[in-house]
Amino acid sequence: MSDQVNDKMCDKVRNQEKGNNIVLIGFMGTGKTSLGKAAARKLKIPFLDTDDLIVKKEGMTINEIFATKGEAYFRSLETQIIKELQELEGGHVIAAGGGLPLREENRPLLKKLGQVIYIRTSPQILAERLESDTKRPVLKQGDGTILEKVERILGEREPKYVDAADIIIENDGRSFFNTAKKLINIYRKGGEYNDQS
Ligand code: S3P
């Protein structure tokens, strides 16, 4: 058997273990929540956001969790949530918090949930969107302009996002509907993606 055929078969086996969900990952401000909501509405399936699930569970905002219990505690909650989501049945669109794919143990758990789609956006666009944000404690840490922070943090995270992803979609400022359409098509085709969709 050629390596290529073998690889395809391995993919098939791997995909059979996947849930029937689409999971959006990527940096803060990349549009996971708004894109995910738009796609879920069109597909008539539920939308879930790991940050919302954590906020509900704790009865506190993300800022309050970071301030009173610390980031490490928040990261453990993310792992707990992604484990709980393994019990989900049926199709969902799930938006994962921007830092969730960073923990190594979370990445196979994301993949098991379904097709993991990395929504990639340039640091310039992200910095514009995040300029006056007050809800993301990670951006309050460290020195520098918002663009410098985004470039630095995204630089560190990019290899992990790529490692976690099955599919990468570029989403610049003007392509919201196009990107939402791609997500809808991926779901409808059972996780298949070609760049033309
Ligand atoms: C974080 C991203 C946030 C939220 C928390 C930490 C991060 O989610 O989970 O503030 O480390 O990137 P969004 O990506 O939905 O903003």
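D172 is found in the loop between β5 and α9 (176-188), where helices (H or I, at least four residues) and strands (E, at least two) are DSSP runs numbered from the N terminus. The model is a predicted one, in which local features need pLDDT of at least 70 and side-chain atom pairs count only at pLDDT 80 or more, while totals for chains, interfaces and linings use all residues. Residues are numbered from 1 along each chain as its sequence is written, and side-chain values use heavy atoms, with hydrogens and water left out.

With a relative accessible area of 33%, D172 is partly exposed; buried stands for under 20% relative accessible area, exposed for over 50%, and partly exposed for what lies in between (1.4 Å probe, protein chains only). Leaving aside neighbours within four places in sequence, D172 is in contact with I125 and R129, contact being heavy atoms within 4.5 Å. The C-alpha atom of D172 is separated by 28 Å from that of E104, 68 residues apart along the chain. I125 is also one of the buried residues of helix α7 (residues 123-130), together with L126, A127 and L130, and what covers these buried residues includes α8 (146-164).

**Strand pairing around β4**

Strand β4 (residues 114-120) is mostly covered, with six of its seven residues buried. Strand β1 (residues 21-25) runs parallel to β4 and is joined to it by five bridges, and strand β5 (residues 167-170) pairs with β4, also in the parallel sense, over four bridges; two strands pair if DSSP finds at least two bridges between them.

**Polar side chains and loop residues**

N21 lies in strand β1 and counts as buried at 5% relative accessibility. The side chain of N21 reaches a backbone nitrogen, that of H92, whereas the side chain of K18 reaches the backbone oxygen of K111 and has a polar atom close to the backbone oxygen of G114, at the distance tabulated below. Such a polar contact is a pair of N or O atoms within 3.5 Å; within protein, one must be able to donate a hydrogen and the other to accept it, and residues adjacent in sequence count only if both atoms are side-chain atoms.

| Side chain | Backbone atom | Distance |
|---|---|---|
| N21 | nitrogen of H92 | 2.9 Å |
| K18 | oxygen of K111 | 2.8 Å |
| K18 | oxygen of G114 | 2.7 Å |

K18 is found in the loop between α1 (3-16) and β1, and at 17% relative accessibility K18 counts as buried. Not counting residues up to four places away in sequence, K18 touches K111, K112, G114, Q115 and D166, and N21 touches residues including H92, L113, G114 and Q115. K44, in the loop between α2 and β2 (47-49), counts as exposed at 75% relative accessibility; phi of K44 is near 55°, a positive value in a residue other than glycine.

**The lining of the largest pocket**

The largest pocket is lined by 30 residues, of which M28, D51, I62, K135 and R136 lie nearest its centre. The elements that give two or more residues to this lining are α2 (32-43), α3 (50-58), α4 (62-69) and α5 (71-84). On a 1 Å grid over the protein atoms alone, a pocket is an open set of points where a 1.4 Å probe fits, with protein on both sides within 12 Å along at least five of seven lines, and lining residues have an atom within 4 Å of a point.
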